[in-house]
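Student: I'd like to learn how to read a structure like this one. Could you walk me through it, feature by feature?

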Amino acid sequence: MTDRAALELSLNQLLEPSRFKDYGPNGLQVEGRAEVRHLACGVTASLALIDAAIAAGADALLVHHGLFWRGQDGRVTGWMKQRLARLLAHDINLFAYHLPLDAHPTLGNNAQLGARLGWAADGRFGDQDLGFTAAIAPTDLGAMTALLCECLGRDVTAVPGDGRPLRRVAWCTGGAQGYFEGAIAAGADVFVTGEISEPQAHYARETGVAFIAAGHHATERYGVQGVGARVAQELGLSWQFIDVDNPA
């Protein structure tokens, strides 16, 4: 058992949210009970995840995508009311870390995805150094997409480049398709992220650098598990990861 303040301190010391310019508040977003025994972790603070955390007897919920974002409508109605009502009624603490959870060098989304794929990061790129790069054994696009499909348990969208052997990979989880040009400048032969927008297909064809969109949710399942396991061990908590499937 620990208390809410100790859990928040441990998370903030580990993830250093003050280093990042983010799209919403990092840290404690909804205050619940003071004592924490069981920590649930998930990708997004959806109603389904909150209800699953309640059923699991969680005192705190750690997510990558929290409730509050810059520029959103601030009224507590509709889906926001439903989510907040569940958290407040069951006195559950909600902790959310966005960019800090992407960027952590060993426990974050990028580091944990790379570890599962056998990619040892040797460089960073992009805004706030969120993107990772690595040298890999030469492979081709078919083999890489097969590796991703096996690891993530889902199909991916791949846009071929010029057919060159893939010797350097750049990646950034989630909705980082806008980092593609930075990955190209960093010398990547292939860029892996969660989503694709219309321009990236053209960039891949015109620059020769392959692009793979492997799913926003699918690529961001691992950071909360790494961080959750670490703080639970440090503070003597039980913990679990709850995966609410999302096709995006």
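**Reading the model**

Tutor: Helices (H or I, at least four residues) and strands (E, at least two) are DSSP runs, numbered from the N terminus. This is a predicted model, in which local features need pLDDT of at least 70 and side-chain atom pairs count only at pLDDT 80 or more, while totals for chains, interfaces and linings use all residues. Residues are numbered from 1 along each chain as its sequence is written, and side-chain values use heavy atoms, with hydrogens and water left out.

Student: Is Asn 110 buried or exposed?

Tutor: The general idea goes like this: buried means under 20% relative accessible area, exposed means over 50%, and partly exposed is in between (1.4 Å probe, protein chains only). Asn 110 has a relative accessible area of 0%, so it is buried.

Student: Which residues is Asn 110 in contact with, leaving aside its neighbours within four places in sequence?

Tutor: Contact means heavy atoms within 4.5 Å. With those neighbours left aside, Asn 110 touches Asp 102, Leu 130, Phe 132, Trp 171, Cys 172 and Thr 173. For a sense of distance, take Pro 17: it is 93 residues from Asn 110 in sequence, and their C-alpha atoms are 16 Å apart in space.

Student: Cys 172 is on that contact list. How many disulfides does the structure hold?

Tutor: A disulfide is a covalent bond between the sulfur atoms of two cysteines. Here the test is a pair of cysteine sulfur atoms within 2.5 Å, and the structure holds zero disulfides. The closest cysteine sulfur to that of Cys 172 is in Cys 151, and at 16 Å it is too far for a bond. Cys 172 is buried as well, with a relative accessible area of 4%.

Student: What about Cys 151, where is its closest cysteine sulfur?

Tutor: In Cys 149, but the two sulfurs are 10 Å apart, so again too far for a bond. Cys 151 is partly exposed, at a relative accessible area of 24%.

Student: Back to H5. At what angle do H5 and H6 pack?

Tutor: Axes are lines fitted to C-alpha atoms, for helices over the stretch in contact, and angles run from 0 to 180 degrees between N-to-C directions. H5 (residues 109-117) and H6 (residues 141-152) pack at about 110 degrees, and their axes are 10 Å apart. Angles under 35 degrees count as roughly parallel, over 145 as roughly antiparallel, 65 to 115 as roughly perpendicular and the rest as oblique. H5 and H6 are therefore roughly perpendicular to each other.

Student: Which residues meet there?

Tutor: From H5 come Leu 113, Arg 116 and Leu 117, and from H6 come Leu 147, Leu 148, Cys 151 and Leu 152. By class, that contact has six nonpolar, no polar and one charged residues. The classes work like this: Ala, Val, Leu, Ile, Met, Phe, Trp, Tyr, Cys and Pro count as nonpolar, Asp, Glu, Lys and Arg as charged, and the others, Gly among them, as polar.

Student: Now try me on another pair. How are H2 and H3 oriented to each other?

Tutor: H2 (residues 47-55) and H3 (residues 78-89) pack at about 15 degrees, with axes 10 Å apart. They are therefore roughly parallel to each other. Leu 47, Ile 50, Asp 51 and Ile 54 in H2 meet Gln 82, Arg 83, Arg 86 and Leu 87 in H3. Those residues divide into four nonpolar, one polar and three charged.

Student: And H1 with H10, how are they oriented?

Tutor: The axes of H1 (residues 4-15) and H10 (residues 223-235) come within 10 Å and cross at roughly 130 degrees. H1 and H10 are therefore oblique to each other.

Student: Let's finish with loops. Where is Gln 128?

Tutor: Gln 128 is in the loop between strand E7 (123-125) and strand E8 (131-139). Its phi is near 60 degrees, a positive value in a residue other than glycine. Asp 129 is found in the loop between E7 and E8 too, and it has a positive phi of about 55 degrees although it is not a glycine. Gln 128 is partly exposed, with a relative accessible area of 25%, and Asp 129 counts as partly exposed at 44%.
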